[in-house]
Structures are given as structure tokens and as C-alpha cells.
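Trainee: Hi! I have a new structure to look at and could use a guide. Could you walk me through it?
Mentor: Happy to, let's open it.

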Amino acid sequence: FWLRDEIKPFERRTLLTPSNARALVEAGHTVTVERSTTRCFPDEEFEAAGCRLVDQGTWTTAPSDAVVCGLKELPEGTDPLTHRHIFFAHCFKGQNGWADLLARFDKGGGTIYDLEFLVHENGRRVAAFGWSAGFVGMYTGLLTWARQQLGETMTPISWFPSDDALINETKENLHRAQEKTGKTPSVIIIGALGRCGSGALSLLKAVGLKATEWDMAETAKGGPFDEITQHNIFVNCIALTQRMPPFLTMEQCTRPESALSVVVDVSCDYTNPFNPLPIYNASTTFAQPTLRVSTTPVVDVVSIDHLPSAVPVSSSKEFSDAMTVYLKDFPNTPVWDRAFKIFEDKRNAAREVNKNK
């Protein structure tokens, strides 16, 4: 296994923690780790775990049998990709540039084992950052609401050394807003029964708030849903798998009677043709967390696609612990077989698209 350095700004998470890297070494695997100035665990801990350290970005010249591991996207380019890669490729659902990325793997003979598509026989993912995504997503929603009440501009969001540190900052911002206005926010979560929704609800509970909890039963009738605009904060936590009517429209957002001022799209599927929130068309970042889509009334959207990076230590441990048992047996289990088959299907679909360009 070859753990690459992440290139995405603000990305401090890692697919492998030092303790799990040690477990792989003890199981007979060789683990190479690229040095990193941003990873939430220091290089020295990986070296102490029995890993070999190499320079950043050297995965491109790694031995042909190396399995390149990471979380977020690879550097942009057109060069063929020859290795087996384990990461979130974000190209199996028709996202922007999906066929171009798969063409690079096709040309080089490489393979994607997409972390999103490592699933059990029942379709449930073997590992996910969903809980942390919902937890941090709710934080961004509460923070945005509080800043709106205080008349303050949103500033860059930093990372937290622990979940407790994030909870404490959330409490402080809510307290300041409540002291000034006497208000507490009303919140609705769609996808409340999943991993992501559970994380969002956990933060609300920690700061003494409750939410209107919706899931598939409540959305079965089909949107748009006026109930969303009766709340101050809407947090979208669904797993998008099929086309559906929009949950919310710009017309609803701009109604004078709307109470809604913050939309957090944890799912962040704005490039997906099935996107149920057609009120925005660009992601936001930790450096610029919000996008104002309406000024009268004010509606700010948060659409950060790597929210768990704000709590990198705890989220990395959660994900890495779940993944390590499958990495030990790579690639000889049905989980990896299913992922490879999905890659083959998507690669073949990309061939047809690229043939017609």
C-alpha cells in the first residue's frame, strides 16, 4: 500500500492512521507513506509503525504493483494512470469530468476501487465519513445562522483537534446570538435516520437543541416542501441514488414569509443530474464557507464537499478503523470484487461517451 499526500486544500484526513498502518505491516503488507505537512498525524508516527517514508507526490513513479491509497481527488491532468487506486473518485454518478478521468485509467490500464462503492452484499457501505459530515455540517449551519443574527460576515473555518472543541465553539456562537436577539434557531433535517443525519442530530443534542426529523417516509409524497421554509436552518443529509422532485426551489426561498436563512447541503450533489436542491451551482470551501443565493430575504448555502476535514483526527480514526479489516485481505473478498465490477461498468460507459466526442 502506498499512502499518498492529499492535495486538496484544508484536507487533513487520512485513509490510514498510524495504528492501522501498523496492523497492516503486522499482517504482512508493505506500507509506504508520502511525507505530508498537512496530514493530522505526523510522519514520525507512521515511521514508528514500520512504514517507509517517501517524498510527496512520488506515487506516480511507484512500482507497478503498488496500491495507491488516498481520500480525495488526484491532481488534474491527461496523463494515463497505471496503478490500482483506492479513493473517492467522484466519477461513477455522471459528475462533471467523469468520462475524462475514467479515460485516464483506461489509457493507463489502472483501476479505481472507489471508497463510496465498497459495499456489503446489502448495499451498505463498509466505511463512511457520514457521521462526521453531518456533525460538521450542522456546525456550519448553526455558525452561519449565528453570524447572520449578529450581523457578522462569515470568516474562514478552521479545523478542530477534537469533537469537544467544535461543540464548545458552537455553544459560544449560539450564546452570543441569543444574547443579542433572544432567538434560538429552528432546524429541519432531511435524511435524519442515516449516518449523516445521526451526526447532525448529535451536535444539536450536545448544544441543547432539537430538530424536525424527516426521512424517506416524509419525503415520499415528493417535493417541493413548504415545510422547509418554516424553519431557519435546513440540513440535507440524504444519500442521492435516483431522480426526485426538488426539495426546495428559489421561488420558495424568496417568499417574504419564508423563515429559511441557511441551507446546508451535506450531500453536496449540485453536479449530479438528480440534484434535489437546484438553488445553487457551485461548492463552497472552508476558506469561503457560504454562498448567498438570496438577499431578500437572506439565504446562505453551505456546500463544502469534505466537511469531516474539520475534525480530521476523530473522522480519520472512525473511517480507518472500518477500512483496515478489508485492506488486510485486499483484493480477495467480495467487497473488492463488487467494487472492481462497478469500475469496469463505468469505464466501459466512459468509452462510449469518449468515442462520440
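Trainee: Which strands form the open sheet with parallel pairing, and in what order?
Mentor: Six strands form that open sheet, in the order 3-2-1-4-5-6. Before we go on, please remember that this is a predicted model: local features need pLDDT of at least 70, side-chain atom pairs count only at pLDDT 80 or more, and totals for chains, interfaces and linings use all residues. Residues are numbered from 1 along each chain as its sequence is written, and side-chain values use heavy atoms, with hydrogens and water left out.

Trainee: Good to know. What counts as a strand, and what counts as a pair?
Mentor: Helices (H or I, at least four residues) and strands (E, at least two) are DSSP runs, numbered from the N terminus. Two strands pair if DSSP finds at least two bridges between them.

Trainee: How many bridges join strand 1 to strand 4?
Mentor: Two bridges join strand 1 (residues 2-3) to strand 4 (residues 67-69), and the two run parallel. Trp 2 stands opposite Val 68 of strand 4.

Trainee: And what does helix 10 lie across?
Mentor: Helix 10 (residues 334-355) lies across strand 5 (84-87) and strand 6, and runs at about 125° to strand 6. Such angles run from 0 to 180 degrees between N-to-C directions, with axes fitted as lines to C-alpha atoms, for helices over the stretch in contact. Contact means heavy atoms within 4.5 Å.

Trainee: Does strand 12 pair with strand 11 in the parallel or the antiparallel sense?
Mentor: Antiparallel, over four bridges, with strand 12 covering residues 298-302. A hairpin of two residues joins them. Thr 295 faces Val 298 across that pairing, and Ser 294 stands opposite Val 299. With strand 10, strand 12 pairs in the parallel sense over three bridges, where Val 262 has Asp 300 as its bridge partner.

Trainee: How many residues of strand 12 are buried?
Mentor: Four of its five, so to speak mostly covered. Buried means under 20% relative accessible area, exposed over 50%, and partly exposed in between (1.4 Å probe, protein chains only). Across the protein chain, 53% of the 357 residues count as buried.

Trainee: Last one: how many helices and strands are in the protein chain?
Mentor: Ten helices and twelve strands.
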